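Opening the notebook on this one. I'll jot down what I looked up, in the order I looked.

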Amino acid sequence: MERLEVSELNFYFGFTQILKDINFVLNSNEIISIVGPSGGGKTTLLKLCAGLLDVTEGSIKNSFGSSAFAFQDARLLPWKTVIENIMLPIIAKNDYNKAYDEACSIALRFGLEAKDFTKYPKDLSGGMKQRVNFARALITKPKLLFLDEPFSALDIGLKRELQDFVLDSSYESGTSVLFITHDLMEAIRLSDKILLLKSDPGEILKSYEITTPKNQRDDEFVFAKTKEFLDDRDVINTFEIKVR
Ligand SMILES: Nc1ncnc2c1ncn2[C@@H]1O[C@H](COP(=O)(O)OP(=O)(O)O)[C@@H](O)[C@H]1O
Ligand SMILES: [Mg+2]
């Protein structure tokens, strides 16, 4: 079975320890969220998992057949149009027209309109850029998707919509997701498992499983679960939440 296995991982920038003894397994069809305060090492952990940084202590074994990532800043190529950006990951392996058609169809699914297809990134709103960013990540139908706070700058409506795309692609294509967020409610809505990462150094303090089916997690469920989390002293301490 495909899985991502992180074992006894330590990581340093210079002499500063950023990550300490990280252990977890992401199985096929799972969504795992890593939540924690800013500066806690979440992005560093994701980059290590995605192979964008070299592991120096411990190990990361990834047996997923394919992967893709989307970061908080959309990182689109400014000299390419919406459709050209989206088709980028599949252009080498496909005939141009086929790649173009696929990019158009996924763009429409992601709520972009035909009149936007030939626009350049400078002419797009933040929300549209994120749609392009997502469409580009999902066009390859990756088995494993790395997401680094992709929704944090978005308004609540678009956030919901893109969260639903993540859930849909996890149902439809069996995409597994390693999802980074500092939004506890977002994590509760999307994840099978939530890892709580504290900072200085980044260390997994707790792991929570959420077994309620995702299509049954309405607002009421999410609010109740969030309250349950916030009653946990470790969560309060990790986020340095002030409780009167
Ligand atoms: N390239 C780098 N060189 C040195 N320090 C870095 C580098 N990237 C990140 N850091 C530091 O590592 C720590 C964790 O950063 P990061 O992984 O971005 O945290 P998070 O994503 O949780 O906000 C921070 O203190 C940050 O300043
Ligand atoms: Mg980060």
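At what angle do helix α4 and helix α5 pack, and how far apart are their axes? I get about 5° and 11 Å for α4 (residues 126-138) and α5 (residues 156-172). Axes here are lines fitted to C-alpha atoms, for helices over the stretch in contact, and angles run from 0 to 180 degrees between N-to-C directions. I therefore put α4 and α5 down as roughly parallel (angles under 35 degrees).

Who makes that contact (heavy atoms within 4.5 Å)? From α4 I list Gly127, Gln130, Arg131, Phe134 and Leu138, and from α5 Leu158, Glu161, Leu162, Val166 and Ser169. I sort them into five nonpolar, three polar and two charged. My classes: Ala, Val, Leu, Ile, Met, Phe, Trp, Tyr, Cys and Pro are nonpolar, Asp, Glu, Lys and Arg charged, and the others, Gly among them, polar.

A note on ground rules: this is a predicted model, with local features needing pLDDT of at least 70 and side-chain atom pairs pLDDT 80 or more, while totals for chains, interfaces and linings use all residues. Residues are numbered from 1 along each chain as written, chains are lettered from A and ligands numbered from 1 in written order, and side-chain values use heavy atoms, without hydrogens and water.

Next, ligand 1. Around it I find Phe13, Ile18, Pro37, Ser38, Gly39, Gly40, Gly41, Lys42, Thr43 and Thr44 (a heavy atom within 4 Å). That shell splits into three nonpolar, six polar and one charged. Helix α1 (residues 42-49) gives the most to the shell, three residues.

For polar contacts (N or O pairs within 3.5 Å), I noted polar backbone atoms of Gly40 at 3.1 Å and of Gly41 at 3.0 Å from an oxygen atom of ligand 1. A polar side-chain atom of Thr43 sits 2.8 Å from a ligand 1 oxygen atom. The protein covers 53% of the 560 Å² of accessible area that ligand 1 has on its own (Shrake-Rupley, 1.4 Å probe).

Last, the backbone. I found a cis peptide bond between Asp200 and Pro201, omega about -10°. Pro201 is in the loop between β8 (193-198) and β9 (203-209). I also marked Asp21, a non-glycine residue with positive phi, near 45°, in strand β2 (residues 16-27). Helices (H or I, at least four residues) and strands (E, at least two) are DSSP runs, numbered from the N terminus.

Note on methods: Parallel < 35°, antiparallel > 145°, perpendicular 65-115°, else oblique. Contact = heavy atoms within 4.5 Å. Polar contact = N/O pair within 3.5 Å; in protein donor to acceptor, adjacent residues only side chain to side chain.
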